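Please walk me through this structure in the viewer. I would like to know what to select at each stop and what is there.

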Amino acid sequence: MSIVTVQLGQCGNQIGFEVFDALFSDSHCSQGLCSKRENEAYQASCKERFFSEEENGVPIARAVLVDMEPKVINQTLSKAAHSGRWKYGQHSCFCQKQGSGNNWAYGYSVHGPRHEESITNLIQKEVEKCDSLNGFFIIMSMAGGTGSGLGAFVTQNLQDQYSNSLKMNQIIWPYGTGEVIVQNYNSILTLSHLYRSSDALLVHENDAVHKICAKLMNIKQISFRDINQVLAHQLGSVFQPTYSGEGSFHYRRNPLGDLMENLVPHPEFKMLGVRNIPQMSENSLAYSTFTWAGLLKHLRQMLISNAKMEEGIDWQVRPPLSGLPTLGKMSLNKEFHFNTSIANLVILRGKEVHSAELGAFKDPALYTSWLEPVHAFSVWKTQRAFSKYEKSAALVSNSQFLVKPLDMIVGKAWNMFASKAYIHQYTKFGIEEEDFLDSFTLLEQVIASYCNLGF
Amino acid sequence: MGRRRRRRRVDPADAARALPEAIAALSQMLPAGPSPETFRRAKFDRPEAAPALWRLLFRVLSPQLADGASASFSLEAQVRSVKLALRTQGYPRRALAQLPDDGSQGGRELLLALAWLLARGPLPERLLTQNRVQLGDEMPVCECEALASPGPPAPSVEADGCVDIRHLQWLMGKLRFRWRNLMASQQEQCALLGKIHSYTRGCHSDRSLGHLSVTETELLRDPEGGRQLLRRLERENARLQAALQWRCRELVFWRWMDTVLGACPPEASQPTFLPRIPTPGAGELETLVRELQALQGELREAVEARRAAWEAGVRGRGPEWSAARTALREAVGRDLAALRRVCERGGGRSLAQLHGPHRLVRTEAGAPGGPGLRAPEVIEALRSREAHLEVVLRQLQGQCGQELARLVGAPPGPVWILPPGR
């Protein structure tokens with residue numbers, strides 16, 4: 001089953017390119033550490049999911065590129081074509097000639113409706129190329145102007161047109177110290193709209209990925225390209241093919257559906273975070289070996305202590321002892337100590353994957369009281385190594401990962417809103433104060449629900 | 001030529017053979033049929049006969065299970081499932097329900113249950129139809145068969161104490177996702193079937209079909225699969241033969257069952273076992289009947305009053321009125337007929353001809369096609385049924401909303417905190 005990706009705005013398009021590139025490179029990587037037959041099955045599964053076939057054999061990414069100005073799209077198209085290994089479809093992009101003023105409300109209320117038909121047609125064409133549609137990825141930034149507003153509109157549109165298909169938004173969470181003054185307004189508007197029309201929000205935090213680049217990959221001058229590549233690596237480690245079940249050697253046909261069924265069935269809890277281990281520069285890779293026990297121990301502690309990467313983990317954080325109440329009342333003023341999860345999905349790739357011991361992730365203390373570990377925890381495996389890592393593990397978690405950052409953004413936005421600063425930029429294009437209030441209400445509810453997981 | 005001809009002497013040796021042959025035929029035509037010796041032991045209520053008969057009844061009552069699937073259910077689970085299924089169908093004998101769950105006793109009661117099932121309807125024919133080997137790609141057009149059978153036993157969940165509503169919401173959401181995943185899988189299956197059908201155009205020896213099905217394609221690709229298919233067809237043939245033999249020898253079996261019934265200890269006053277219908281209670285039913293009768297009376301009075309008023313109003317009019325009146329009557333008659341058709345369609349009556357699975361055959365657009373159903377007609381019928389079900393769903397949702405508001409004690413209004421979903 002195939003996934004159609006909608007790349008929105010500068011952010012979405014640049015990241016989208018890196019994602020397809022990472023997926024392609026991995027599937028054609030010679031160091032899969034598995035038999036030829038297995039490798040071919042893996043390649044075929046990845047290909048069906050993310051690429052379509054053309055006569056001369058160059059795979060075409062199943063993607064629609066949307067932006068309000070042509071510069072980034074043209075760069076993306078030519079980068080892909082230059083590589084010679086895969087490319088974007090000739091008629092898969094939509095862009096306008098002029099820029100757009102970087103305004104969320106303009107993107108949502110003006111660009112969206114104006115270009116709805118063209119964009120919908122592009123998506124429809126891409127969908128028709130699929131034998132069967134698994135769902136949509138929508139890659140976009142959260143705090144941007146036009147791209148985010150348009151992204152919110154497009155997601156809503158997909159909800160209407162393809163109400164039975166699954167939709168996952170890949171959201172780029174902005175730097176805490178961002179440059180755009182109204183980024184917090186944009187963020188809350190984007191999030192609240194997406195919460196209503198999307199099935200799952202997979203969040204990638206710029207701050208976290210930046211740290212990974214600096215500390216783990218040892219990159220001195222970190223460019224957006226480096227960040228996007230790390231991000232693409234994380235996504236690839238989640239969505240490349242895995243076996244469909246325990247003891248099966250057929251590849252899973254419905255990864256989106258299986259993921260969503262296990263992680264986001266509750267309408268109030270849709271925010272997902274992703275962690276993966278190990279992460280290092282390619283040079284260091286050759287000198288490192290890992291054990292599953294070590295990797296999983298670190299991954300578990302990353303989950304519990306809400307660490308973003310495998311360095312600098314706080315090992316003092318412990319799950320609460322069963323029977324005793326959690327550490328005091330969860331208030332956002334205090335430091336969060338323990339990260340309670342609703343549901344977790346661990347994905348293991350590489351050598352001897354069947355020997356990996358996952359009992360520690362099934363500890364009931366990790367999870368909220370109303371869901372048992374047997375229902376809350378799932379694992380996907382394949383023995384085919386990912387991207388030259390002999391062993392690698394990824395974690396997609398529906399937990400309290402994002403409560404603090406979300407609360408910060410909502411707080412800052414509220415402070416600005418209280419003094420009505422910059423609101424006219426939005427009301428000018430049809431986003432009224434009520435819409436802001438609705439967004440605040442929804443997000444406060446989400447924060448409260450996640451905080452109450454500890455009980 | 002008269003009575004004397006019919007009273008032929010029966011050869012005693014034949015008579016002795018007839019019963020074992022009848023039971024052998026019965027056992028061969030049923031899935032998982034035990035040996036005739038087991039039947040004999042069961043008549044005398046020997047404990048070793050019981051497990052085989054429990055398993056037989058389980059297979060008979062859950063025909064949708066694949067051949068090997070019943071092995072995954074423990075004997076106890078099978079026993080419970082059989083008891084539940086029989087009760088749902090209205091089986092009257094209490095003694096069966098009182099048999100122990102471990103399946104160790106009750107051969108005679110089980111025989112009686114089997115006979116009861118056989119007597120109720122064409123059980124062998126139904127089982128054979130359900131389990132027949134299918135060469136084509138079959139698509140069921142209606143779900144009534146699947147809905148009618150009770151299905152395998154579900155794991156019992158203990159609800160101890162209060163249930164967290166978030167857990168319920170989680171489960172509801174999971175169920176919704178599974179439905180969507182199911183639909184996506186079905187769409188994928190359809191797309192792939194379409195591909196196979198169009199690729200194998202012109203390959204089938206039967207011109208009216210024109211293309212191969214998946215099974216037939218596999219036959220060509222894999223000779224071992226072909227041999228297995230042949231074996232399955234031979235087994236099915238053997239069962240059909242057994243069914244024919246059974247029909248010839250049935251009478252002997254029923255005479256024997258009389259003796260089995262006679263061998264049972266007399267049961268003390270047997271209260272009739274009604275099938276379990278989830279009604280609120282007999283009292284409500286009577287109230288409903290009374291209300292409906294009252295409503296009917298009111299409607300009749302209203303119609304009479306209206307008619308009398310109208311008659312009085314038109315009495316003075318001239319002869320041209322009678323022509324207009326006839327035309328009016330005809331128009332009303334047509335409207336009523338149309339309304340009745342709509343109601344019937346909404347009730348799914350026109351789908352009555354669409355029972356059971358049908359083989360999918362792909363034809364060129366505009367080609368005449370063979371006998372059987374056309375896809376557009378089926379789609380149309382299903383769409384109107386869907387529309388009818390949507391209306392019913394809205395009504396039920398409205399009723400639920402009002403009921404909840406009544407329970408909360410507040411006027412219906414938005415109290416919900418959840419973000420509005422679908």
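Which residues touch the most other members of the largest nonpolar core? The model is a predicted one. Select Met168(A), Phe239(A), Leu259(A), Met271(A) and Phe436(A): within this core of 131 residues, these five touch the most other members. Next, colour helix α15 of chain A, residues 433-451, which gives the most to this core, with eight residues.

Another core, of 42 residues, lies apart from the largest one; select Val79(B), Ala85(B), Trp256(B) and Val260(B), which are among its members. As a general point, nonpolar side chains in soluble globular proteins tend to be buried together.

Now move to the interface. Show the 23 residues of chain B that are in contact with 36 residues of chain A. The two chains bury about 2600 Å² between them, and carbon and sulfur atoms give 56% of that area. Pick out Arg166(B), Trp170(B) and Phe177(B): together they supply 29% of the area that chain B buries against chain A, more than any other three residues.

Last, look at the charged and polar pairs. Four salt bridges are counted between chain B and chain A. One to select is Asp131(A) with Lys195(B), whose side chains meet at 2.8 Å, N to O. On the side of chain B that touches chain A, 10 residues are nonpolar, five polar and eight charged.

Note on methods:
Residues numbered from 1 in each chain as written. Chains lettered and ligands numbered in written order. Predicted model: local features only at pLDDT ≥ 70, side-chain atom pairs only at ≥ 80, totals over all residues. Heavy atoms only, no water. Contact = heavy atoms within 4.5 Å. Buried area = accessible area lost by both parts, 1.4 Å probe. Nonpolar A, V, L, I, M, F, W, Y, C, P; charged D, E, K, R; others polar. Core = buried A, V, L, I, M, F, W, Y, C linked by side-chain atoms within 4.5 Å. Buried < 20%, exposed > 50% of the residue type's maximum accessible area, 1.4 Å probe, protein only. Helix = DSSP H or I, 4+ residues; strand = E, 2+ residues; numbered from the N terminus.
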